[in-house]
Amino acid sequence: MEHQQHPLIAPVPGTQRQIDSFHFGPPNAERHVYIQGSLHADELPGMMVAWTLKQRLAELEREGQLACRVTVVPVANPIGLDQQLMDTPLGRYDFESLTNFNRRYVSVLETVADGLEPLLGDDAADNRRCIRERFAAALAAITPTTSLESMQLTLMQLACGADFVLDLHCDFNAVEHLYTTPAAWPVFEPLARYFGSKASMLATDSGGQSFDECFTLVWEGLRQRFGERFAIDDGCQSITLELRGQQDVSRTLGERDGQAILDWMTYLGLIAGRAPELPALPFPATELAAMDFLHAPIGGLLVFHLAPGVEVEAGTLIAEIIDPLSDRIEPVRANQKGMFYARSHRRMATAGTIVADIAGFESHRSGYLLAP
């Protein structure tokens, strides 16, 4: 194992932070897996899984079982991890800029594409190496000016050469689910099975320039420009795994989810050995554009009638909002058939806020598809 430290810009003197990365497997391996935890710093299940993987990967490396390079960043967001207000962690948004830590990653598509055409040919592997070199050079040419920018850039630099990027998150109160692209679904569908994903939502561009898509959108953009004339493959395939809810931090769950990732890697031949038989997929993959956010029609006590992990029909009662002063009671119902997979952890709803998520089958949204 190789441990590297990557200093971030300090906002003021005496407040230095860093990103710690851990590297396993042969340095010259052809394939590379990047895994990070807790980019939203109040989502700790990902940190637990990343820590568990550190231990297992060290064992596999000692046994000579790793057939790939693996980079693990257990604490992807030291800035957000230090954001506490009255003993409440607030790690989703940067206090300084009010930016969601998983939004607005820089796009280097134009920089990579500029002057690329003469360097491309018919060999997909050669093209992949060339594009990755230009991707890394484009990032190296960026000069960050804030702590947040330096953190985002560092994470991108660590992951930009990877074949597979796994970003470990969780929701407020949820069952296992994930987000990836339609192009990457065939390679991640086995992971969804081992993970037991109750909802698998697919979109090429969800509109937020999130961490996982800041890589795939570059390759997608290059294929759109040059793909008919040159061999350009999916040089990076990424996925966001949602490890249930914020309170689901335990060794048992960490080991279970870590094993699902290792089984998937074994299935792909990235770890020596025979992978377990693929289990059934609990719920089919659906388009992210078909997912519904259910909003509170009024403010009041939020009383749920169902727990996440239940398939529902249009009209199914999910929750009620109770105004204890006026005695008004408003139902929150499913808009369509699908999987009720996540809900708010609060029990006092503010009018207009999201209280539940349903992975449906009827695509009806476009543009920005993510939660704020």
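Because the model is predicted, local features need pLDDT of at least 70 and side-chain atom pairs count only at pLDDT 80 or more, while totals for chains, interfaces and linings use all residues. Residues are numbered from 1 along each chain as its sequence is written, and side-chain values use heavy atoms, with hydrogens and water left out.

Let me start with Arg244, which sits in strand S11, residues 237-245 (strands are DSSP runs of E of at least two residues, helices runs of H or I of at least four, both numbered from the N terminus). Arg244 is buried, with a relative accessible area of 6%, where buried means under 20%, exposed over 50% and partly exposed in between, with a 1.4 Å probe and protein chains only. The C-alpha atoms of Arg244 and Glu176 are separated by 4.8 Å, although these residues lie 68 apart along the chain. Leaving aside neighbours within four places in sequence, Arg244 is in contact with residues including Glu176, Arg256 and Asp257, contact meaning heavy atoms within 4.5 Å.

Arg256 and Asp257 also bring us to the helices, as both belong to the H8 side of the contact between H6 and H8. The axes of helix H6, residues 185-195, and helix H8, residues 251-267, come within 9 Å and cross at roughly 145 degrees; axes here are lines fitted to C-alpha atoms over the stretch in contact, with angles from 0 to 180 degrees between N-to-C directions. From H6, the contributors include Phe188, Leu191 and Phe195.

Finally, Met86 lies in the loop between strand S5 (84-85) and strand S6 (88-89), and Met86 is exposed, with a relative accessible area of 79%.
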